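Please look at the aromatic rings in this structure with me. My points are numbered below the display.

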Amino acid sequence: MEIIIANKSHAIYAKIICETIADSANVRGTGIAKRTTDYIIQRMNNQNAVIALDEGKFVGFCYIEKWGHGRFVANSGLIVHPDYRGKGIAKLIKEKVFIHSRLKFPEAKVFSITTGLPVMKMNSDLGYKPVTFSELTKDQSFWNGCQTCKNYDVLQRTSQSMCLCTGMLYDPQKVKEPSKKISIKVFKRLKQIKQSLFLRNSFIKLTKLKNEK
């Protein structure tokens with residue numbers, strides 16, 4: 001198996017990448033920002049993506065996108081084909097795309113938003129810290145990409161200040177500070193708190209509407 005920087009020759013994998021991302025989200029029942037094959041191919045053409053292959057068979061993928069005039073870089077769309085899950089490949093892809101991001105955009109802050117606990121743990125191991133959405137890019141094009149996510153209404157109701165996703169940030173200006181890894185239990189608790197908060201707010205809103213009728 002090889003994990004390499006994707007290029008134009010890998011456009012043939014764009015369709016299966018999009019399908020695998022969508023299928024994974026449906027199985028987990030989580031929100032996802034959908035991407036088209038053209039969008040994935042553009043990332044490949046710009047060498048802003050990492051792909052894992054096993055003798056020509058698709059294994060996994062992740063892409064890079066810059067925001068805020070290059071001040072921020074996001075690592076998104078991390079996916080591993082079902083046939084290769086449970087082998088630690090996602091972590092290898094995540095490490096590869098993170099290193100590529102740092103080399104290609106050394107001054108940029110690298111961020112990620114996700115509901116997935118494993119991804120949060122991988123981010124933490126690389127030096128990312130949980131942050132509020134206000135510390136992420138203000139580029140509206142990025143947030144517009146969340147419109148296809150089933151949780152987009154939550155993001156709208158909070159004026160893009162928070163959602164069920166957790167924002168995580170790697171700031172190259174703070175790499176000299178001691179890095180303390182966060183346990184998966186902490187991320188799990190954070191996720192539970194967010195879910196409980198939004199469920200409570202939804203219940204209050206529904207009750208209010210019933211009382212007004």
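1. Tyr 63 is buried, with a relative accessible area of 3%; buried means under 20% relative accessible area, exposed over 50%, and partly exposed in between, with a 1.4 Å probe and protein chains only. Phe 61 is buried as well, at 0%.

2. The model is predicted, with local features needing pLDDT of at least 70 and side-chain atom pairs counting only at pLDDT 80 or more, while totals for chains, interfaces and linings use all residues. Residues are numbered from 1 along each chain as its sequence is written, and side-chain values use heavy atoms, leaving out hydrogens and water.

3. Rings of Phe, Tyr and Trp (its six-membered ring) pair if their centres lie within 6.5 Å; planes under 30 degrees apart count as stacked, over 60 as edge-to-face and the rest as tilted. This rule gives 10 aromatic pairs. Phe 61 and Tyr 63 form a tilted pair, because their ring centres are 6.3 Å apart and their planes stand at 40°.

4. Phe 98 and Tyr 170 have ring centres 4.9 Å apart and planes at 85°, so this pair is edge-to-face. The pair links distant parts of the chain, 72 residues apart: Phe 98 is in helix 3 (residues 89-104) and Tyr 170 in strand 7 (residues 166-170). Helices (H or I, at least four residues) and strands (E, at least two) are DSSP runs, numbered from the N terminus. Both Phe 98 and Tyr 170 are buried.

5. A cluster joined by ring pairs contains Trp 67, Phe 72, Phe 111, Phe 133, Phe 142 and Trp 143.

6. Over the face of Tyr 39 lies Arg 43, at 4.2 Å from the ring centre. Arg 35 also lies over the face of Tyr 39, at 4.8 Å from the ring centre. A charge sits over a ring if NZ of Lys or CZ of Arg is within 6 Å of the ring centre and within 35 degrees of the ring normal.
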